[in-house]
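Have the viewer open as you read.

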Amino acid sequence: MDKLELAENINNIKNRLALICKECGRENDIILVGASKTMPQSVIDLVDSEKLLEVLGENRVQELTAKYRDGQSFKWHFIGKLQSNKVKYIIDKVSLIHSVDSISLAKEIDKQAKKHNKVIDVLLQINMGKEESKSGFYIEEIERAICDISKLENINVVGLMAVMPIVDKANTIQLFECLGAKWLQLKDKYNFKYLSAGMTNDYELAIKYAGSNMVRIGTGIFGVRSNNEKV
């Protein structure tokens, strides 16, 4: 992927985000996270040198640590399933962890952040479809989790994150509306900043129906992965 193609893809997404916000009558406050899973270092370096994105997100610890460089022009977020035994490898490299899906993981993040004298921003992951194959808190459990995790000294809960199950459009909209209602209920109560919801195939619905202000776009920016996976 060359600079022109990458810049055009990013510009197209940003223009679309601005248009969606205009259609919804809201301020364009969307944070675009480039989901760079499987992208080679050459593409990461291009994003860095040309300052094409403000945030990149990685799903895998090993990839993030390999691509991380001191002084990069963008911030790193961790957006994938995070195992407790790998927290120590990324705690000093990321500005936000999207995928806190259990109390035990939160405690490990808190422990590792304390070692670096750092308070780490995190999002709590909601399992909207109650899928056994996916992790995260059920929506009716989320407020108790917020209360428990907020007691940890080196974690700052700044919002929520969700990945929707693969269902038809009508059901996707219904789930986003449910998520949006919970977001409205909690964001002022807990002074939350971010709702991370929406990927390449559903980010427009996430913004319109859930009020998402952070989207994780992979395929729309970097193209289809070799295994045809869309993110």
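Q: Which residues of helix α8 are buried?
A: In this predicted model, α8 spans residues 203–210, and its buried residues are Tyr203, Leu205, Ala206, Ile207 and Ala210. To be called buried, a residue has to have under 20% relative accessible area.

Q: What is the phi of glycine 211, which follows α8?
A: Glycine 211 has a positive phi, near 80°.

Q: Why is isoleucine 217 called buried?
A: Its relative accessibility is 0%. The cut-off for buried is under 20%, so isoleucine 217 counts as buried. You will find isoleucine 217 in strand β8.

Q: Why does asparagine 127 count as buried, and where does it lie?
A: Asparagine 127 sits in the loop between β5 (120–126) and α6 (142–149). Its relative accessibility is 3%, so it counts as buried, the limit being under 20%.

Q: What makes the pairing of asparagine 127 with glutamate 131 a polar contact?
A: A polar atom of the asparagine 127 side chain is 2.9 Å from the backbone oxygen of glutamate 131. The cut-off is within 3.5 Å for N or O atoms, one able to donate a hydrogen and the other to accept it.

Q: Which residues does asparagine 127 contact, leaving aside neighbours within four places in sequence?
A: They are Lys134, Ser135, Gly136, Phe137 and Tyr138.

Q: Why is threonine 38 called partly exposed?
A: Its relative accessible area is 41%. Buried needs under 20% and exposed needs over 50%, so a value in between is partly exposed. Threonine 38 belongs to the loop between β1 (31–35) and α2 (41–50), and it has a positive phi of about 75° although it is not a glycine.

Q: Why does asparagine 117 count as exposed?
A: Asparagine 117 has 73% relative accessibility, and exposed means over 50%. This residue is in the loop between α5 (103–115) and β5. Its phi is positive too, about 55°, although asparagine 117 is not a glycine.

Q: What makes asparagine 85 exposed?
A: Its relative accessible area is 52%, and the cut-off is over 50%. Asparagine 85 lies in the loop between β3 (75–78) and α4 (87–90). From asparagine 85 to serine 95 is 10 residues in sequence and 19 Å in space, C-alpha to C-alpha.

Q: How do you know that the radius of gyration agrees with that of a compact globule?
A: For 231 residues, a compact globule would have a radius near 17 Å; the protein has 17 Å, so the two agree. The C-alpha atoms fill a box of roughly 45 × 45 × 35 Å along the principal axes.

Q: What does the rest of the overall picture hold?
A: The protein has nine helices and eight strands, and buried residues make up 49% of its 231 residues. Of the contacts with a separation of 6 or more, 58% come from residues 24 or more positions apart.

Notes:
Residues numbered from 1 in each chain as written. Predicted model: local features only at pLDDT ≥ 70, side-chain atom pairs only at ≥ 80, totals over all residues. Heavy atoms only, no water. Helix = DSSP H or I, 4+ residues; strand = E, 2+ residues; numbered from the N terminus. Rg over C-alpha atoms; globule rule 2.2 N^0.38 Å. Buried < 20%, exposed > 50% of the residue type's maximum accessible area, 1.4 Å probe, protein only. Contact = heavy atoms within 4.5 Å.
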